[in-house]
Amino acid sequence: MNNLIITEESSAINQFDFPEEKIIELNLDKEVLKKENGLDIFLSEFIVDHLSNEVYDTVLVPLSFGNILSDYLGLRLAFHIRTTNT
């Protein structure tokens, strides 16, 4: 199986007992959030750059990235993964 874990910090994954998986860090720059549609553009580019070249059986995405859990940025990333043509 080809599995992927997307996280804000790969060190956070070490506290769990995951089998060997591919781990990609999502480095969200605060400047991206200040631009109009900046987050959506960033997420689309992230998917094209990191997810379009390989097929994964499972992609594990946290519900939220960053300090504000109510932003649901992980859910937004999942939406982009599902709706992007790659």
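The model is predicted, so local features are taken at pLDDT of at least 70 and side-chain atom pairs at pLDDT 80 or more, while totals for chains, interfaces and linings use all residues. Residues are numbered from 1 along each chain as its sequence is written, and side-chain values use heavy atoms, with hydrogens and water left out.

## Overall layout

The chain has four helices and three strands, where helices are DSSP runs of H or I with at least four residues and strands are runs of E with at least two, numbered from the N terminus. Read from the N terminus, these elements follow the order β-α-β-α-α-β-α. Of the 86 residues, 27% count as buried; buried means under 20% relative accessible area, exposed means over 50%, and partly exposed lies in between, with a 1.4 Å probe and protein chains only. The chain exposes about 6200 Å², and carbon and sulfur atoms supply 50% of that area, as computed by the Shrake-Rupley method with a 1.4 Å probe, with only the protein chains shown counting as cover for residues. Among contacts (heavy atoms within 4.5 Å) between residues at least 6 apart in sequence, 50% join residues at least 24 apart.

## The sheet

Strands of a sheet pair through backbone hydrogen bonds, either parallel or antiparallel. In this model three strands form an open sheet in the order β2-β1-β3, with parallel pairing; two strands are taken to pair if DSSP finds at least two bridges between them. Strands β2 (22-25) and β3 (58-60) stand at the edges with a single partner strand each, so one side of each is left without a neighbour in the sheet. From one strand to the next the twist averages 20°, with axes fitted as lines to C-alpha atoms and angles running from 0 to 180 degrees between N-to-C directions.

Strand β1 pairs with β2 over four bridges in the parallel sense, and three bridges join β1 to β3, again parallel. Individual bridge partners of β1 residues include the following.

| Residue | Bridge partner | Strand of the partner |
|---|---|---|
| Leu-4 | Val-59 | β3 |
| Ile-5 | Leu-60 | β3 |
| Ile-5 | Ile-23 | β2 |

Five of the five residues of β1 are buried, so this strand is largely enclosed by the rest of the structure. Both of its faces are covered, with Asn-3, Ile-5 and Thr-7 buried on one side and Leu-4 and Ile-6 buried on the other.

Asn-3 lies in strand β1, which spans residues 3-7, and counts as buried because its relative accessibility is 15%. Leaving out residues up to four places away in sequence, Asn-3 touches Glu-21, Lys-22, Tyr-56, Asp-57 and Thr-58. Asn-3 and Asp-57 are 54 residues apart in sequence, yet their C-alpha atoms are 5.6 Å apart in space.

## Helix α4

In helix α4 (residues 73-83), the buried residues are Leu-73, Gly-74, Leu-77 and His-80. Seen down the axis of α4, these buried residues fall within an arc of 115°, so they line one face of the helix; the arc is that of the directions from the helix axis to the C-beta atoms. On the other side of α4, Leu-75, Phe-79 and Arg-82 are exposed. The cover over the buried residues of α4 includes β1 and α3 (38-51).

His-80, which lies in α4, is buried with a relative accessible area of 10%. The side chains of His-80 and Asp-40 are joined by a polar contact of 2.9 Å; such a contact is a pair of N or O atoms within 3.5 Å, where within protein one must be able to donate a hydrogen and the other to accept it, and residues adjacent in sequence count only if both atoms are side-chain atoms. Apart from neighbours within four places in sequence, His-80 is in contact with Asp-40, Leu-43, Ser-44 and Ile-47.

Pro-62 is found in the loop between β3 and α4 and is partly exposed, with a relative accessible area of 30%. Residues up to four places away in sequence aside, Pro-62 touches Ile-6, Gly-74 and Leu-75. Pro-62 and Tyr-72 are 10 residues apart in sequence and 8.8 Å apart in space, C-alpha to C-alpha.
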